[in-house]
Amino acid sequence: THCSGADHYHYSGQGYFLPVHQYNQWRHTSLQWVYGMSNVPCNIVNISDDHNDRVVYAAAHTAVIYDKRTRKQTFLQGHCSAITCLAASEDRSLLVSADVGEDSLLVFWDPASGQPVRTLQRPHAAGVAAVAVSPDASQMATLSAVDSSSGVQELSLWDLRPLTASPGSSSLQPSATTPIPAGDAQHRICYNPDDPSELLTNGRRRAYFWRSQLPGSSLISYHSPPLRAGDFHQEIGDFL
């Protein structure tokens, strides 16, 4: 049993803790199959390799790994809120899921076993809107959800080398965090596949090109060129 403030949690036996009322329900139920998926950006992530044809997608609070060859589903459970984003390393050795809300979580998973490797509680005050893992799995970038009280959205960069070197080591902390200019909430993020120091985020009408000096630096700079209809000789729509 684990206590957090006035709340009591029981270990589920599958790598995560549940509040008492959820634990009592979980003991008497077992998820057999998931139909459908959540309507969130970049919801389907390819984690296929030479031996498996698999994808992972979010379905409310559960991430589902579907194996095309065996036609089986593996359920990654533990989020208290609906999952908002997923990401995987290029070599498919690491999977990340995150959510938003007061009890937000970011969970690192081993896709092969379906077991959690590490859990970060409240990586951002308002939770995580988007996440990306660098191609070599040495870094992670997270976009926070917009804080409802302050209106602030953040970009954080994380050094994942301690995680891959020693999964049981001390908790991870952001290597750098910077606020995002207000006006267009960013909802997608990706790394430059040829340079992990460069990232791209975008909202509905604006894109930011970020550059960091990781590892070991807290400096993050950005460039956000304006998009003008005259430059493209046509009207400019919203980004996806």
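Where is proline 193 found? Proline 193 sits in the loop between β16 and β17. The structure discussed here is a predicted model. This briefing covers a sheet of 4 strands in the order β16-β17-β18-β19, the strand β9 with its pairing partners β8 and β10, and a selection of side-chain contacts and surface features.

**The sheet β16-β17-β18-β19**

- The 4 strands form an open sheet with antiparallel pairing, in the order β16-β17-β18-β19.
- At the edges are β16 (188-192) and β19 (220-223), each of which pairs on one side only.
- On average, neighbouring strands in this sheet are turned by 25° against each other, direction ignored.
- Strand β17 covers residues 195-202 and strand β18 covers residues 207-212; the two run antiparallel and are joined by 5 bridges.
- Within this pairing, glutamate 198 has arginine 211 of β18 opposite.

**Proline 193 in the loop**

- Proline 193, in the loop between β16 and β17, has a relative accessible area of 58% and is therefore exposed, the cut-off being over 50%.
- The C-alpha atoms of proline 193 and serine 134 are 7.5 Å apart in space, while the two residues are 59 residues apart in sequence.

**Salt bridges**

- The structure contains 7 salt bridges.
- One of them joins the side chains of glutamate 198 and arginine 211, with an N to O distance of 2.8 Å.
- Because glutamate 198 belongs to strand β17 and arginine 211 to strand β18, this pair ties together parts that are 13 residues apart in sequence.
- Glutamate 198 is partly exposed, at a relative accessible area of 27%, and arginine 211 is also partly exposed, at 36% relative accessibility.
- Asp195, Glu198 and Arg211 belong to one network, joined by salt bridges that share partners.
- Another salt bridge brings together the side chains of arginine 161 and aspartate 159, at 2.7 Å from N to O.
- Arginine 161 counts as partly exposed, with 42% relative accessibility.
- A further salt bridge is formed by arginine 228 and aspartate 231, whose closest N and O atoms are 3.8 Å apart.

**Aromatic contacts**

- The structure contains 5 aromatic pairs.
- In one of these, tyrosine 208 and tyrosine 222 have ring centres 5.3 Å apart and ring planes at 70°, so the arrangement is edge-to-face.
- This pair links distant parts of the chain, since tyrosine 208 lies in strand β18 and tyrosine 222 in strand β19, 14 residues apart.
- Tyrosine 208 is buried, with a relative accessible area of 4%, whereas tyrosine 222 is partly exposed, with a relative accessible area of 43%.
- One aromatic cluster is formed by Trp33, Tyr35 and Tyr66.

- Strand β9 (residues 95-99) is mostly covered, with 5 of its 5 residues buried.
- Burial applies to both faces of β9: Leu95, Ser97 and Asp99 lie on one side, and Val96 and Ala98 on the other.
- Strand β8 (residues 83-88) pairs with β9 in the antiparallel sense over 5 bridges, and cysteine 85 stands opposite alanine 98 in β9.
- The hairpin formed by β8 and β9 has 6 residues between the strands, and arginine 92 in the turn has a positive phi of about 65°.
- Strand β10 (residues 105-110) pairs with β9, likewise in the antiparallel sense, over 4 bridges.
- Alanine 98 has leucine 106 of β10 opposite.
- The hairpin of β9 and β10 has 5 residues between the strands, and there glycine 101 takes a positive phi near 120°.

**A nonpolar surface patch**

- Leu227, Phe232 and Phe239 make up a nonpolar patch on the surface, and together they have about 270 Å² of accessible area.
- Among these residues, phenylalanine 232 lies in helix α3 (residues 229-232).
- Phenylalanine 232 counts as partly exposed, at 48% relative accessibility.

Key: Residues numbered from 1 in each chain as written. Predicted model: local features only at pLDDT ≥ 70, side-chain atom pairs only at ≥ 80, totals over all residues. Heavy atoms only, no water. Pairing = 2+ DSSP bridges. Axes fitted to C-alpha atoms, helices over the stretch in contact; angles between N-to-C directions. Patch = residues over 30% accessible without salt bridge, like charges linked within 9 Å, V, L, I, M, F, W, Y side chains within 5 Å. Areas by Shrake-Rupley, 256 points an atom, 1.4 Å probe, with all protein chains shown as cover. Salt bridge = Lys/Arg side-chain N within 4 Å of Asp/Glu carboxyl O. Buried < 20%, exposed > 50% of the residue type's maximum accessible area, 1.4 Å probe, protein only. Phe/Tyr/Trp six-rings, centres within 6.5 Å; stacked < 30°, edge-to-face > 60°.
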